[in-house]
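Thanks for coming. Please have the structure open.

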Amino acid sequence: MLSNLEYRLNFLVDAIVQPTLSTIVEIVLWTSIFAGAGLSAIGGFGKEYYIAYALCATFLSRISSSWMYEFRMIQEIESGTINSLIVRPMSFYEYYLSQLLGYKFITTVISLTIPLSVFLVYKLPFHWDRLPISLLMVFYYLILVHSMSFVVSCFAFFLNRIQGITSAKNLGLWLLSGELFPLDLLPEPLKTIMIQLPFANAVYVPTGYITGRIGFEYIKSGFVSITVGIIVVNLIGYFFWRRGLKAYVGTGA
Amino acid sequence: MSFIIRTENLSRIYQTYKKPEGVMNSLKGFWQRQYIEKAALKNVNLEIESGKIIGLIGANGAGKTTLLKILSGLITPSSGSASVLGFNPWERDYRYLRKISLLLGQKNQLWWDISPLDSFSLLARIYDLDPKKAANRVQELAKLLKCTHVLETQLRRLSLGERMKMELIGALLHEPEVLFLDEPTIGLDIVAQSTIREFLATYVKERKTTVILTSHYMDDIAKLADQLLLISRGEIVYNGTVKHFITKTSIKQQVVVVLEQIPESDIALSLGRQLTSGQKEHSFEIENNELPKLISEISANGKIQDLKVVEANFEDVIRHFLETESRVL
């Protein structure tokens, strides 16, 4: 986290400029859609619900994604700078997880003020009492995201230039998380399957819960599915890590 | 005699593949890739005592860094076994990693974006050190290395020499029992090289740390190493003291003899040598064991006023050894 704070401009862009811009874009976009369509509701929900969902989803998806740290982990292995971590009594997985959680915590606390003030000013549907558990869920989900990053970065032990895998994985997560559109708009059985997957807990479940679209049972099952996801992905990660270290040649030294 | 490093038939084979020219050949590589195997280490057997500085030298690609990487636990060997401080290095047991340090001269191991002091406090946490003791130790080492003034400057803004001193402090912070140093003086100016050399010599003498050192600067090895390991094509071709190595090798010494009286005519000596007429000073290249015979031959033909023996340069000895063994890669 100290490394990130060294670069104040980068930090300010990430914590303030980006959330502000995305908030403005979402408000303008959904106001224009409803004005252009001349409708008061789409799929049973009014403009305020869509703006609330979009704002919340955009905000939470920014918290629950981790391409930056994944690129760094891949880079460490490809360039051989991982050497200094391997020969120290520390875990590569935990080292990056602590960086990720620390950075996300700081940026979340700062950037949270922007969408929250919009919710207050525009009196958008928002259950304030549901915010803490929803944020907790997203941070728990971050462990799963990090575990997936760990698996992807392990491929760098065997292959070069694997950043494309990160992009493809993130595109998949973007669709499965519900950031693009509320998953309850999908037809059955696709809707149930998507919501049961742990990835819906990045955006759809916490957003739906905060904005009042879904109840607490989704949060409970969400925690369970994230836990299962973390266990499965970490087992895969452990396997590739062990194999990777055996194949590793200590690049560049 | 206690050995803290032992290896038995340690080998490492690297596998790579051929990359022929052109797009078609690159496409062909998808289904018909030709692999090449290269043995970087071949059945290396070693025993190293504690508290010694071991100089590991060899040509580029000879296998010295591979040996260092295996012993520090960075990479896994293809076959054979090794024990360092009673641990199998590549199992990377945290108890083992707390007792060793690896410093790679060509790689930064501290954090690039923060100050060395921040890096050291992070390292103190990684190694479970008492923060106050660690801070004192940083100051103590920085004084010895004459670099207290840069401790609060971002690492990326330091010169190469300053960075290397910071890396050394980072490597020694937890007082390792075994220190692996790979080219610690590479690219440094003469002053920085000598500061680091002096520091290492003093530090090791006081702390009795075992050091395995690789360097392209033979001065590092000649001045620091108690034991020399010469590695060539993945095999240890010499294991002993630097002094013994120089004596053992048949490189020629230069002897300069100044006579009291200039010879009036050429005087033949054995092995085709001669004292040339009209010259007071005579220079000869001789083998290590030829000096007594040469002196007695010259003395028989005139009185010696002065005699200078120029010792063979260590670097030349190594080069000569590798060349005569036809083992340069």
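Start in chain A, with helix H4, residues 67-79, and helix H8, residues 131-154: their axes come within 9 Å and cross at roughly 30°. This is a predicted model, so please keep that in mind throughout. Angles under 35 degrees count as roughly parallel, and H4(A) and H8(A) are therefore roughly parallel to each other. The crossing of H4(A) past H8(A) is right-handed.

Which residues meet there? From H4(A) they are A:Tyr69, A:Glu70, A:Met73, A:Ile74 and A:Ile77, and from H8(A) they are A:Ser149, A:Val152 and A:Ser153. Sorted by class, this contact between H4(A) and H8(A) has five nonpolar, two polar and one charged residues.

Now the contact between the chains. Chain B puts in 24 residues and chain A 19 residues. On the chain B side, the elements giving two or more residues are helix H2 (64-72), helix H3, strand S5 (100-104) and helix H4 (116-126), each of chain B. H2(B) supplies the largest share of that side, three residues. The side of chain B that touches chain A divides into 11 nonpolar, six polar and seven charged residues.

Last, confidence. For the complex, the predictor gives an ipTM of 0.77 and a pTM of 0.81. Chain B has a mean pLDDT of 86, with 95% of its residues at 70 or more. Which element of chain B has the lowest mean pLDDT? That is helix H11 of chain B, residues 314-324, at 71, while helix H3 of chain B, residues 94-97, has the highest, at 95. H3 of chain B is also one of the elements on the side that touches chain A.

Terms used: Residues are numbered from 1 along each chain as its sequence is written. Chains are lettered from A and ligands numbered from 1 in the order in which they are written. This is a predicted model: local features need pLDDT of at least 70, side-chain atom pairs count only at pLDDT 80 or more; totals for chains, interfaces and linings use all residues. pLDDT is the predictor's confidence in each residue, from 0 to 100. Helices (H or I, at least four residues) and strands (E, at least two) are DSSP runs, numbered from the N terminus. Two residues are in contact if their C-beta atoms, placed from the backbone, lie within 7 Å. Ala, Val, Leu, Ile, Met, Phe, Trp, Tyr, Cys and Pro count as nonpolar, Asp, Glu, Lys and Arg as charged, and the others, Gly among them, as polar. Axes are lines fitted to C-alpha atoms, for helices over the stretch in contact, and angles run from 0 to 180 degrees between N-to-C directions. Angles under 35 degrees count as roughly parallel, over 145 as roughly antiparallel, 65 to 115 as roughly perpendicular and the rest as oblique. A crossing is left-handed if the near helix is turned anticlockwise from the far one by less than a right angle, and right-handed if clockwise.
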